[in-house]
Amino acid sequence: MKKICNQCQTEMIEDFKVESYGGITISKKGKFFLNATYGKPHAAVCPNCGCVIFYIDNYKDVVK
Ligand SMILES: [Zn+2]
């Protein structure tokens, strides 16, 4: 499924590697949503406006 930019509806370039030496955590109501347990996040970048989004491949395992 292709990712379309929310801002300008351009097709985004996917599969950018996300690296953070300080760690990245996305949580909801105290429950960890995205961390090393669930897999590495990737980024997609819009070539038109520079918007960046983060996503994971195994989201169906995480969102229940
Ligand atoms: Zn865009």
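**Close-up legends**

**View 1. V18 counts as buried, at 16% relative accessibility.** Buried means under 20% relative accessible area, exposed means over 50%, and partly exposed lies in between (1.4 Å probe, protein chains only). The model is predicted, so local features need pLDDT of at least 70 and side-chain atom pairs count only at pLDDT 80 or more, while totals for chains, interfaces and linings use all residues. Residues are numbered from 1 along each chain as its sequence is written, and side-chain values use heavy atoms, with hydrogens and water left out. V18 sits in the loop between β1 and β2 (26-28). Strands (E, at least two residues) and helices (H or I, at least four) are DSSP runs, numbered from the N terminus. Setting aside neighbours within four places in sequence, V18 is in contact with P41, H42, A43 and F54. Contact means heavy atoms within 4.5 Å. From V18 to K40 the C-alpha to C-alpha separation is 7.8 Å, and the two are 22 residues apart in sequence.

**View 2. Four cysteines coordinate the zinc ion.** The donor atoms are the SG atoms of C5, C8, C46 and C49, at 2.2 to 2.4 Å. Donors are N, O and S atoms within 2.8 Å of the metal (3.2 Å for Na, K and Ca); water is not among the atoms, so sites may look incomplete. The angles between the four donor atoms run from 102 to 120°, which makes the arrangement tetrahedral. Four donors count as tetrahedral if all angles lie between 85 and 135 degrees; they count as square planar, and six as octahedral, if opposite donors are over 155 degrees apart and all others between 65 and 115; anything else is irregular. For four tetrahedral donors the ideal angle is 109.5 degrees.

**View 3. The zinc donors follow the spacing C-x2-C-x37-C-x2-C in sequence.** C8 lies in the segment before β1 (13-17) and C49 in the loop between β4 (42-45) and β5 (52-55), so this pair ties together parts 41 residues apart in sequence. C8 is partly exposed, with a relative accessible area of 24%. C49 is partly exposed too, at 41%.

**View 4. E14 and K3 meet in a salt bridge through their side chains.** The N to O distance is 3.5 Å. The pair links distant parts of the chain, with E14 in strand β1 and K3 in the segment before β1, 11 residues apart. A salt bridge is a side-chain nitrogen of Lys or Arg within 4 Å of a carboxyl oxygen of Asp or Glu. Side chains of opposite charge can pair when their charged atoms come close. E14 is partly exposed, with a relative accessible area of 28%. A search of the whole structure finds one salt bridge.

**View 5. β4 pairs with β1 and with β5.** Strands pair if DSSP finds at least two bridges between them. β1 and β4 run antiparallel, joined by three bridges. β4 and β5 are also antiparallel, over four bridges. V45 of β4 stands opposite I13. V45 also stands opposite V52 in β5. Six residues separate β4 and β5 in their hairpin, and G50 in the turn has a positive phi of about 85°.

**View 6. The chain holds one helix and five strands.** From the N terminus the order is β-β-β-β-β-α. Of the 64 residues, 17% count as buried. Among contacts with a separation of 6 or more, 48% join residues 24 or more positions apart. The accessible surface is about 5200 Å², with 54% belonging to carbon and sulfur atoms.

Technical notes. Accessible areas come from the Shrake-Rupley method with a 1.4 Å probe; for residues, only the protein chains shown count as cover.
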